[in-house]
Amino acid sequence: MAYPELVKLEGKVRETSKKANKALREELRVPAVLYGPDVEENVHFSIDELELEKILRKPQTKLQELTVDGKSYKTLLKRTEFDPVTDRPIHADFYVLADDQKVTLRVPIKITGNAKGVVENGGRVFKPMNFVRIRVLPADIPAEFEMDISPLEIGQSFHISDLDLEGIIPLDDLSRTIVTIRPPKGADFLENLVAGIADETEEEVVAEGEAAEGEELAEGEEAPEGEEGEDSSEEKTEE
C-alpha cells in the first residue's frame, strides 16, 4: 500500500472580512482555515493558488506540512471550494492531524493491469466506485487503493472486501462492487436479439395451436367457459 507524500506549504495569516478575501483572490491567494482536535482556536490564513492547484492535480490523498506564522502543522486537505464559473479554488479547509485521533476521509481507487476478460474476450471494464470512505489513524492513511484487475474474467468483480484494509475501518459496505468486467457491447445486443426471436417463435407456435383447436369446434358451438380470450403465452420480463 502506498502512503501519501507530505507536501510543504507556506501560509500567511489573514483577515476574515469579505473585502480582505476578495483582495487575496485577486492576488492569486486562496483564503483557508486550519482546525483540528489539538487546535485551540481556528487559524485563518491564505496560501498561494498555484501551490494549491499542484496538490489538487494529484488523484491521491493530500497530506501537507503547513507552516503558518512560524508554526508547523501536519495537515490533511479536507475540503476545497471552487468558483462555479471559473473553477478556480476560492477556499480550503485543512485538518490538523493528531497521532492518536482517527480521521475520516475518502481514498481514491486506482486500477492497474489488463483484465483477462477484456484481452481474451473483448469484455468491458465497468468501475462504479472511484473512492472508498474510511476511518483510520494518521500513520495508516493510504495515498490510494490499488487493484490489479488482470485475473478478472467476464462477469467477475472486485469488491471493497478485496482491498487491503489492515488497520483501516471501511465506512462503505464491504459487498459494494468496485470494478467488474462486462461482456462485449455487441454480445449484449446479440443475446437480447436471440432471446427476442425465441419469444416470437414461441408466440407463433401458441397462436397456431389455438387456431387448430378452434377448427375442431362444431360450427356455432362456444368454447368452454374460461378458455375464451385466455392468453396462454408467458409474460416476458426484461433483464
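These are my notebook entries on one predicted protein model.

**Ground rules.** I number residues from 1 along each chain as its sequence is written, and my side-chain values use heavy atoms, with hydrogens and water left out. Since this is a predicted model, I ask for pLDDT of at least 70 for local features and 80 or more for side-chain atom pairs, while totals for chains, interfaces and linings use all residues.

**Confidence.** I looked up pLDDT, the predictor's confidence in each residue, from 0 to 100. Its mean for the protein chain is 82, with 77% of residues at 70 or more. Residues 197–239 are below 50, and I find 7 contacts for this stretch in the model beyond near neighbours in sequence. A contact here means heavy atoms within 4.5 Å.

**Overall fold.** I count 4 helices and 13 strands in the chain. These are DSSP runs numbered from the N terminus: H or I of at least four residues for helices, E of at least two for strands. Of the 239 residues, 31% are buried. My cut-offs, with a 1.4 Å probe and protein chains only, are under 20% relative accessible area for buried, over 50% for exposed, and partly exposed in between. Taking contacts between residues at least 6 apart in sequence, I see that 64% join residues at least 24 apart.

**Cores.** Next I checked the nonpolar cores, meaning sets of buried Ala, Val, Leu, Ile, Met, Phe, Trp, Tyr and Cys residues joined through side-chain atoms within 4.5 Å. The largest has 26 residues, and V103, L105, I134, F145, L163 and I178 have the most contacts inside it. At least two residues each come from β7, β9 (131–136), β10 (145–148) and β13 (177–182). β7 gives the largest share, 4 residues. Setting aside residues up to four places away in sequence, L163 touches V132, F145, M147 and I178. I also noted a second, separate core of 17 residues, with L9, I47, L52 and V68 among them.

**Largest pocket.** Which residues lie nearest the centre of the largest pocket? They are Q60, K62, L77, R106 and F131, out of 18 lining residues. I get a volume of about 430 Å³. By class, the lining has 8 nonpolar, 5 polar and 5 charged residues. β5 and β7 (103–112) each supply at least two of the lining residues. For the record, a pocket is an open set of points on a 1 Å grid over the protein atoms alone, where a 1.4 Å probe fits, with protein on both sides within 12 Å along at least five of seven lines; lining residues have an atom within 4 Å of a point. The volume is the space filled by probe spheres set on points joined across faces, edges and corners. Nonpolar covers Ala, Val, Leu, Ile, Met, Phe, Trp, Tyr, Cys and Pro, charged covers Asp, Glu, Lys and Arg, and polar the others, Gly among them.

**Positive phi.** L28 has phi near 65°, positive though the residue is not glycine. L28 sits in the loop between α1 (18–26) and β2 (29–35). D87 likewise has a positive phi near 65°, in the loop between β5 (71–82) and β6 (89–96). Is D87 buried or exposed? D87 counts as exposed because its relative accessible area is 56%. L28, at 42%, is partly exposed.

**I154 and R124.** I154 lies in the loop between β10 and β11 (157–159). Its contacts, leaving aside neighbours within four places in sequence, are G117, N121, G123, I181, R182, P183 and P184. R124 belongs to strand β8 (residues 124–126), and its C-alpha is 8.4 Å from that of T180, 56 residues apart along the chain.
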